[in-house]
Amino acid sequence: MRVQVTKRQEPLGWGSCFIFLGALAFSLAVSAALLGLQGKPPATGIRLLFAGAFGSPWALEDCLLKAVPIFLCALGVAVAFRLQIWNLGAEGQFALGAIGASWVALSFPTLPGRYLLPLMFLAAALAGGLWGLIPAVLKLGLRVNEIIVTLMLNYIGILILEYKVYGAWKDPGSFGFPMTPEFPAAAIVGSIGATRLNWGLLVCLAAGAAIALFLDHTRLGYELKASGENIRAARYARLPYERLVLLVMALSGALAGWAGCLEASGSLHRLQPTIMVGYGYTAIVVAWLARLHPLKIAIAALLLAGLRVGVENLQLDLQVPAAFGQIMEGLILLTVLAGNFFKDYRLRWREAG
Amino acid sequence: MRRWLLILLILALGTAGTLSAAEKELKVGFVYVSPIGDAGWSYAHDLGRQHIAALPGVQTSYVEAVPEGADAERVILNMARKNFDIIFATSFGYMDPMLKVAQQFPDTVFMHCSGFKRHQNMGNYFGRMYQARYLSGMVAGAMTRKKILGYVAAFPIPEVIRGINAFTLGAQAVNPEVQVRVVWTKTWYDPATEKEAAKSLLDVGADVIAQHQDSPGPQEAAQEAGVYSIGYNSDMSQFAPKAHLVAPVWNWGPFYEEIVNAVRDGSWTSQSHWYGMDKGMVALSPMTELVPQAVQDMVRAKKDAITAGTAKVFTGPISDQSGTVRIPAGESATDEALLGMDWFVQGVVGTTE
Amino acid sequence: MTAEIVIALLAAAVQSGTPILYATLGEIFSERSGVLNLGVEGIMLIGALAGFITAKATGAPLYGFLAGGVCGALLAAVHGLVCLVFQGNQVVSGLALTILGTGLSSFWGTPFIGQRTVGFAKLPLPLLSEIPLLGDIFFRHDPLIYLSYLLAPLMWAFLRYTRWGLGLRAVGEHPEAAAAAGLRVLAYRWAGVLGGGVLMGFGGAYLSLAYTHLWTNGLSAGRGWIAVALVIFTFWRPGRAILGAYLFGGVMAFQLRLQAMGTTLPSSLLLMLPYGLTIAVLVFSSWRGRGSEAPAALGINIEPRE
């Protein structure tokens, strides 16, 4: 008796959805087992996780709030992934975007909101886009591997943020703590009605729709998808690979930059080092899970945002260490990766010989 | 069957509720900025939490590693919604989020550590760690031969700078020519970096190593090099028995108990508590036998004076590194000046950035 | 900068670079067999924690060191499973492994923060440590550093002169040709993954057993990523790994010493040095690289046969 592995001839369709859910269930099971090993009740833990994430209107609000930056970063990363470019630098691009937006907010405090906010978004896109272009240029010009460059630029980006916030931009009224003065009211992205959500949600919708349109209905979008499939063939077909790389990385950086701008403006109302909470890294997980469809990215972003929010509930009620959320993220990614195997191959039991 | 069990459960809870209504259970929540196991800042607060958890009728809970900003607001909001009676937030950056939530939950008591904003149901508190630092500086000044003291410090925020200054003043009181060299690690707990930082100070000739860090890394470096060390947060002599002289330590337990009692008997009002050695909030760990008796007596005498209020640490004339007099002769620094301290006294070699 | 300080700096560079050296050698081993493992950071952390706990429990640092290697291999095995068996994308799997390893080590390691373990102490080598200059820099360290001196040449010899080493390289360059020649490609790749995991685990264990005798969440602080970058710098050759690792150790030690000497440069800028240097090193390597030095089949999974 042995297992025979054959490649599927037709794609799996609905089955792939089941495989995805199966992978999720498996990682939940393993996580629950880990809880049990630590002496915490596993079933209660999983229930608290869901309750904390989705079990009440304010929990959903929290999830949406967190999903906004994750979604924007993931959108950018996914676009890069499609071109087989490993943009792991969303975290640093996020930081640069926040820096750019803060510079505008602090330099032009008297501008009215209708000029100031768009200017902030522009600055954030430029700063983040620039940070994304650096690895792109190095890749095209010198064939330097973008995985490492983007990662190193993350560290450097965060250090630049700290440098400004500990130095020239430090709020004289903050008693020496590293934070900028609070942004003028005109620089703050407002809340939607009485909720704690802000208009960043609209930015997400707009960006998602724009990217979807771009990919499905423009020529450049088509070229991007085609180039991603097979770079050599694309080059042979005279597709503008170099231009696409630059475009994609600049776009990626700009989107992550907008996420940083929204966090600084809508969430914190100032710039401080604690703006960095790892959205950029979670975005990589989201982008991989959801491939290139903005709708799937939105769902995955919501899911992982929910994970972060739910884990806090777990901490509060069961004193589970904060790292539990990371474990689940890693497990989900690994199981989905492994599960993808069953999308492309089918197993059959065969008699030996 | 399940319905019956549920009814039974409700009845049981109800009876338990009425029985314990006589003695009101206080729910106290803690928000920590780093994992409690860091043997440092959050660890010391958690010891305080455990102190009150042992009191009858007090139930505690905590969330650790909560980033400042929107996350903190959500965690505090969560606790308030779950009807916590008192919430302690232990990091400066929690100030604004806590204030926002305090305005929405007038019946909950909010206590913020190391900040300055208050509300009718929100007070703040901190400890005059600089008093203990001064005393530890005296010990260091007495024990150094080369007149160079090394200080491994985490972040250039006021409390760290204040501590360095107090340490330097204490050392200079005993040994006017000492020099204190500062290395910033930009991390609260990274034993490898902290140890390396300590080694770099040893390489420039320091023969006593002090730290404002949460790991015993610098202690190890000092012991390996055969020099002396001053700990922090807790008695670190177990990590460096041949090097450790003394450590300034936090003692939050009694203060937390004071607040719990005040809330319970209704006498709580919003105040700014900045307690010192007189209330036992900061203390000096026992001096090890490496410290000669004469030095111990001298330090103890000063400690009594500070505790009694007859001696103040930051009494002029005190100049900064450039020679400008910051605190004139005969005057003592105001609490405001201390809380916002962002300059080094003369005798410190290093930058505040 | 007196001579004394320079020598002390170089000695610190050696010590600081040793965990990076172990990890780099491990990644070279894995990549030579064709498997890209970006999970180095996570594996180092698990190795560090395993080493810490084992040494603390048994009182023997050696067992801790070995446990670090074993647990490193175990985590690497997950990567092997996902990539070699389930054909998962190697880049993503490695990233997921970093996230998982970091999370697991923090999750299990939180109770151990603030505790110490027995560890390796400095052991100056007789005779060799008396050599002026070189003795102070290279021969006044702990035994694990001396072990690392041997590892690089051993790996070089293994890859170049032994049958298995050549097989490993063949599998990383032309797996189809290797298979046609009768080599068991999967077996060699597993060896690469697991062997690499052991060395990366050793690198992590070094941090908690020799560099310090402590544990904290995130002890490796990005060294794993530097190791991945260094592999490119070394053109996948073990010998150059020593140079690269000590260079990085030196930069990390240097910026701290600059501060100790009283520089007025802001520390945020100084802290950028290791990361900026990594990029510079990569640019330099690509600029000087003669064609592509990487193993030809690096990162490409081998499809299962029908």
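Which side chain meets that of Arg257(C) in a salt bridge? The partner is Glu196(B), at 3.3 Å from N to O. The model is predicted, and a search of the whole structure finds 22 salt bridges over all chains.

- Arg116(C) forms a salt bridge with Glu220(B), and the closest N and O atoms are 3.8 Å apart.
- This pair also joins two chains, because Arg116(C) sits in the loop between helix H4 (90–109) and helix H5 (134–138) of chain C, while Glu220(B) is part of helix H8 (residues 217–225) of chain B.
- Arg116(C) is partly exposed, with a relative accessible area of 27%, whereas Glu220(B) is buried, at 2%.

**Other salt bridges**

- In chain A, the side chains of Arg270(A) and Asp171(A) meet in a salt bridge of 3.8 Å, N to O.
- Arg270(A) lies in the loop between helix H10 (241–268) and helix H11 (279–290) of chain A, and Asp171(A) in the loop between helix H6 (146–166) and helix H7 (200–217) of chain A, so the contact ties together parts that are 99 residues apart in sequence.
- Arg270(A) and Asp171(A) are buried.
- A network of salt bridges links Lys66(A), Glu312(A), Asp71(B) and Arg74(B).

**A parallel sheet in chain B**

- Six strands of chain B form an open sheet with parallel pairing, in the order E10-E9-E8-E6-E7-E16.
- Its edge strands are E10 (244–246) and E16 (348–349) of chain B, each of which pairs on one side only.
- Strand E6 (residues 148–153) of chain B runs parallel to E7(B), and six bridges join them.
- Within this pairing, Leu149(B) stands opposite Val180(B) in E7(B).
- Strand E7 (residues 179–184) of chain B is largely enclosed by the rest of the structure, because five of its six residues are buried.
- Strand E9 (residues 228–230) of chain B pairs with E10(B) over two bridges, in the parallel sense, and Ser229(B) stands opposite His244(B) in E10(B).

**A positive patch in chain A**

- Arg2(A), Arg346(A), Arg348(A) and Arg350(A) form a positive surface patch.
- Strand E2 (residues 345–350) of chain A gives the most to the patch, with three residues.
- Arg2(A) is found in strand E1 (residues 2–7) of chain A and is partly exposed, with a relative accessible area of 44%.

Note on methods. Residues are numbered from 1 along each chain as its sequence is written. Chains are lettered from A and ligands numbered from 1 in the order in which they are written. This is a predicted model: local features need pLDDT of at least 70, side-chain atom pairs count only at pLDDT 80 or more; totals for chains, interfaces and linings use all residues. Side-chain values use heavy atoms; hydrogens and water are left out. Patches are made of residues with over 30% relative accessible area and no salt bridge: like charges are joined within 9 Å, nonpolar side chains (Val, Leu, Ile, Met, Phe, Trp, Tyr) within 5 Å. Accessible areas come from the Shrake-Rupley method with a 1.4 Å probe; for residues, only the protein chains shown count as cover. A salt bridge is a side-chain nitrogen of Lys or Arg within 4 Å of a carboxyl oxygen of Asp or Glu. Lys and Arg count as positive and Asp and Glu as negative; His and the chain ends are not counted. The place of a charge is taken as NZ of Lys, CZ of Arg, CG of Asp or CD of Glu. Helices (H or I, at least four residues) and strands (E, at least two) are DSSP runs, numbered from the N terminus. Buried means under 20% relative accessible area, exposed over 50%, partly exposed in between (1.4 Å probe, protein chains only). Two strands pair if DSSP finds at least two bridges between them.
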